[in-house]
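Subject: Structure handover

Hello,

Here is the structure you are taking over. My notes on it follow below.

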Number of protein chains: 4
Amino acid sequence: MDKLFAFILLENLTVAHGGAVGVIIDGCPPRVPITQAMIQQALDRRRPGQSDIVTPRKEPDTAEILSGIQDDLTLGTPIAITVKNTDQRPGAYDEMAVKYRPSHADYTYRALSGGGRASARETIGRVAAAAIAMQVLRQQHPQLEVLAWVKSIQHLEAQVDPLTIDAATIEGNIVRTGDPAMVEPMIDHIKSIRSQGNSVGGVIECVIRGCPPGLGEPIFDKLEADLAKAMLSIPATKGFEIGSGFAGTLLTGKEHNDPFVMEGEKVRTTSNRSGGVQGGISNGEAIFFRVAFKPTATIMTSQQTVTSDGQETELQGKGRHDACVLPRAVPIVEAMATLVLADHLLRQRAISSL
Amino acid sequence: MDKLFAFILLENLTVAHGGAVGVIIDGCPPRVPITQAMIQQALDRRRPGQSDIVTPRKEPDTAEILSGIQDDLTLGTPIAITVKNTDQRPGAYDEMAVKYRPSHADYTYRALSGGGRASARETIGRVAAAAIAMQVLRQQHPQLEVLAWVKSIQHLEAQVDPLTIDAATIEGNIVRTGDPAMVEPMIDHIKSIRSQGNSVGGVIECVIRGCPPGLGEPIFDKLEADLAKAMLSIPATKGFEIGSGFAGTLLTGKEHNDPFVMEGEKVRTTSNRSGGVQGGISNGEAIFFRVAFKPTATIMTSQQTVTSDGQETELQGKGRHDACVLPRAVPIVEAMATLVLADHLLRQRAISSL
Amino acid sequence: MDKLFAFILLENLTVAHGGAVGVIIDGCPPRVPITQAMIQQALDRRRPGQSDIVTPRKEPDTAEILSGIQDDLTLGTPIAITVKNTDQRPGAYDEMAVKYRPSHADYTYRALSGGGRASARETIGRVAAAAIAMQVLRQQHPQLEVLAWVKSIQHLEAQVDPLTIDAATIEGNIVRTGDPAMVEPMIDHIKSIRSQGNSVGGVIECVIRGCPPGLGEPIFDKLEADLAKAMLSIPATKGFEIGSGFAGTLLTGKEHNDPFVMEGEKVRTTSNRSGGVQGGISNGEAIFFRVAFKPTATIMTSQQTVTSDGQETELQGKGRHDACVLPRAVPIVEAMATLVLADHLLRQRAISSL
Amino acid sequence: MDKLFAFILLENLTVAHGGAVGVIIDGCPPRVPITQAMIQQALDRRRPGQSDIVTPRKEPDTAEILSGIQDDLTLGTPIAITVKNTDQRPGAYDEMAVKYRPSHADYTYRALSGGGRASARETIGRVAAAAIAMQVLRQQHPQLEVLAWVKSIQHLEAQVDPLTIDAATIEGNIVRTGDPAMVEPMIDHIKSIRSQGNSVGGVIECVIRGCPPGLGEPIFDKLEADLAKAMLSIPATKGFEIGSGFAGTLLTGKEHNDPFVMEGEKVRTTSNRSGGVQGGISNGEAIFFRVAFKPTATIMTSQQTVTSDGQETELQGKGRHDACVLPRAVPIVEAMATLVLADHLLRQRAISSL
């Protein structure tokens, strides 16, 4: 089935005095309360220049709501939001216009597709759409929380309990890790790698708490399947695992199974290696999953590549790129999870017995 | 966008003299050559009772083509295929009908959905549909190969080169691993675990060779995103990674990037940590990925659980279950990959310049 | 957006001892009460041989529910229903297998598509699916009624008031017209035309009473647009009009507009030339529309045509065809309207404020 | 199946210094040649103020391409086009903000939906999208023509031969009728009706010449079904008929059927009451259909209505409305037909044998 809460990302918009990116949301229910501030708050967590370990580009990333919201309420019509570019320096990309950046989408987009796409600024639209999706969810499930944090930067791993971690801890440090002990080492490592003209990746973990049971469909549109797709659609991701994940393959069934118990009237599990979904459907326990991000492809050292007319050459990255995207990717992981939940909530409403 | 090569799985069909499962394929192009034998060959790799390390149920799993194919050619109309159940023993499930099996979908399906679904026999339909999808792909790309194998069973890991592994090696052993040295240890381990009434999981790896470049879409329907969703829609899966995957997060950008070189007229990469996709689109290199399968939930030892009317109780699995599903899951991983490729091939055709 | 209440028709199914047709319904909510008798009752109104003005083929058209319904309740899983063919005489079609029947789909299906499709028995699946859709609607809107009748046969036109016509009047005559005065003339005309080896068409009118207000979407998926598509998807249809329709183009705005008045708390209109929809959305008034059916293409007199290998020839229809399809098309028009309503009801639920 | 050539209309956009409307096209193939002039030329035929029988509002309706097209070629990414409003006088609508206009969508949108939608300026987006769709079609079928004209204004009916009518004749008169003899009477009638504060409707006829055979699908997505839906999605439409249409119900089968003949290697029909489609699929003959438009709902005389808080009242239309929308609706009918064809062409490409 097609998405009920659907959206289209717009990139390389040409607007008055420059460029912009945007998003169109189609299928948002009417009368959902939304303010520009809600969207802006979400974008501020993603924007460049917010700390000294991310790209120094200065983009305020101000959301403009062009349609679909009136008097801070959705109308049920398509919602258009744009965000202007203010600190683009096209000159920095001249060389890359003819040389394919290794492990970047330059080759596949330019040579194999029609030529469009390639900026991570598209993720602005995902974050803006999710700010609205979250309001759709909260209208019906006010306790629902979606929280992500940096679980690891290269070999540095944070210890975080998904059941108790809170937003303040994550937002209280510029790496957005959930483990105070790892803040310094992670910051130092990113700065050190950057000073070498190199880059690093890592893992982001995400928890959904207060998720209504019964979301997801049993065959193809399993909740974990749609989360997996959503996460692998984020640029630079290489892996997804839910609950026990790949490590769960090292346990036996006896060790891995989650026993059921009654907690008052409620069916609960005493452990949660399932990660809050069983057979594709949320069971009311916390949903948690992890996403692998490869090291940033654009690095400031010389690499072997080819030009668009088939000449072998070398390329040294220029510009102001993140040596580690993870701190800014945390809100994007939360955004994609939120969008999946909103879509499945609308589906659940459609088929729920009255 | 909705699927172009779409299918619906049918479970718990009531047909003359018993039950059946089936699949409806909608969107298959006309005039694709298909024989019952092609479908049967695919199903035979998935069926129970094929060796002494899988469930001993005796199901011939014979495919019956009910519509959409005439004179061994598709008609362009919906294709219906059914497979009768012959060795179901409903008595074995009586206890499970009131007690929720831990880490199984009993609770989410019965208490939270409408009551349907729960048999792994649904995967028959995926395999049958993929046998047809493969012919759609081969018509246009005769060299295309999709090969999966058991990469690990619990802690036992196979060493396999995705570029050179062949079907004969995999099919030549009952575990369907790609590493002859691991055949014996894996078989012994499965048998030992089974004798303890326990179960194990592991990892299946899959390679797509000869994939046409340009498949996939740049934003949401990235090829790796659709593969991730397809894999996480298989029962018992907990993770997906492509190319360097989670291990790639331990490398720096310098180590991880795949340099471009020319090979005659062709753009190639000297390494392939990207796993054959860049920015969501196949680049012509081999696509390879790994899928984590948790240990089988149904085990033959006593576990704590609750009944559907809220009583705490114990449940000991009965019946003839696989202590390790991986040997039979290999063709299912291949099937889901094939179905994703067929869908993206049809999309590519729709928008290709002439 | 894709359908929420979706279905796929299956034709030319090969089942034990012969052929069958069927339907797969995907997206039906769980726990909707359905019995085989409800489906059978709907099919009985469509089946051949029910009176002496329709084709004399003797098909009991018995519905078999193969999946998705248990203990007379839907499960939320795909519902499969099949109906066996019992009175097919393939010999009658030998000549038509090489000669294209004029104004029939033989040429477009065989020469331009892959070869499939061509029997009006596919409409069985529409009627069966609608029997289930009606239960989905009635669960929430027990007063909802969908009634169709024969408005005209060639030049013979019935006078019927859509607000007061009842099912008993329509089912009380074999033509299924709503005007007792026209029963005899219509029956006589059909018999006379049939005796000449000729055929006739006509118009079916349909009313939806008790439709909840607010169904439909304001741009593309207008309720009247989806009704138009549904009706033009029925074989042999050539036109659709809602409310005042084509005749409304002869009025001025002053004559045509429907004044609003209050009826207690309720907004009503004093006339209903809008036909119960305004701007694509139901307004709570009766929805009524008309559908044009061309005369049956297969006639028992000689016609000029060509063979599939490009030879000019003549063809005289054989077999047992309806000289007028309208009496049997009445339940099909109702079925398609019901399916559109069910789909829009599920959409409305998805986006309704709580 | 969902649309392959898909688009979303944006209304009531708030942009710098005022309002705008727009359209997002998703699914357009890459490398299709498009200039702003092509889009503008299409919009100029729809815009207000173009002659003295249409609304005198002065809207230049200038298309701005914001994304998806570079160097006059599509990129394969979403195409965003906006058109600024320049002559809106909100004051004129104050009274209508509280009183529901009879036979207008005010009541259904404001009371039953979330409050959005209601301006016929949304059709700008349809026309702009179709200008691009036409280039997709012409790339592959350069001879394809889609021509519409005013067939009737109230009781005044034009005589036009769909096989020979040309664009110059239609564009050569401000009514856009295809019959030179009816130009004067129609203009006089519209002016006379307008001077009475009243309005009229009529019928638009459309022909598609040079349509490739084989477009359309045999069951639900019949070409005529998708055309019917597209036409009934245009504001103010009440009916659709293809080929012989409602009048065809007055013929017998013998009179109605289109005999097949060979014309060289080509299968042709000697008449074309089928209207170029048989069984849902184009047969290569000219496709022609008619669309009924009701008289404009907003009239300049007093009418009975209610307010949004349930008071009965009277309303006299103000503002600068078309007394007859048909001259400006001609390009909208062509646009919707073109969009349906483009979508089906992409579908045909996806499943065509190679």
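How many residues of chain B are in contact with chain A? The model is predicted, and in it 82 residues of chain B touch 82 residues of chain A. Several elements of chain B give two or more residues to this side, among them α2 (106-112), β9 (202-209), α6 (223-232) and β15 (287-293). The most comes from α6(B), with 6 residues. By type, the side of chain B that touches chain A divides into 35 nonpolar, 33 polar and 14 charged residues.

The two chains also pair through strands. Strand β10 (residues 237-242) of chain A is joined to β10(B) by 3 bridges, and the two run antiparallel. Within this pairing, E241(B) in β10(B) has G239(A) opposite.

The same surface serves both copies, as 100% of the contact residues of chain B recur in chain A.

In α1 (residues 36-44) of chain B, the buried residues are I39(B), A42(B) and L43(B). Why do they lie on the same side of α1(B)? Because they cover an arc of only 100° around the axis. The elements covering the buried residues of α1(B) include β3 (63-67), β6 (79-84), α3 (123-140) and α8 (326-351) of chain B.

Regards

Conventions: Residues are numbered from 1 along each chain as its sequence is written. Chains are lettered from A and ligands numbered from 1 in the order in which they are written. This is a predicted model: local features need pLDDT of at least 70, side-chain atom pairs count only at pLDDT 80 or more; totals for chains, interfaces and linings use all residues. Two residues are in contact if their C-beta atoms, placed from the backbone, lie within 7 Å. Helices (H or I, at least four residues) and strands (E, at least two) are DSSP runs, numbered from the N terminus. Ala, Val, Leu, Ile, Met, Phe, Trp, Tyr, Cys and Pro count as nonpolar, Asp, Glu, Lys and Arg as charged, and the others, Gly among them, as polar. Two strands pair if DSSP finds at least two bridges between them. A residue is buried if 20 or more other C-beta atoms lie within 10 Å of its own, exposed if 12 or fewer, and partly exposed in between; C-beta atoms are placed from the backbone. The arc is that of the directions from the helix axis to the C-beta atoms.
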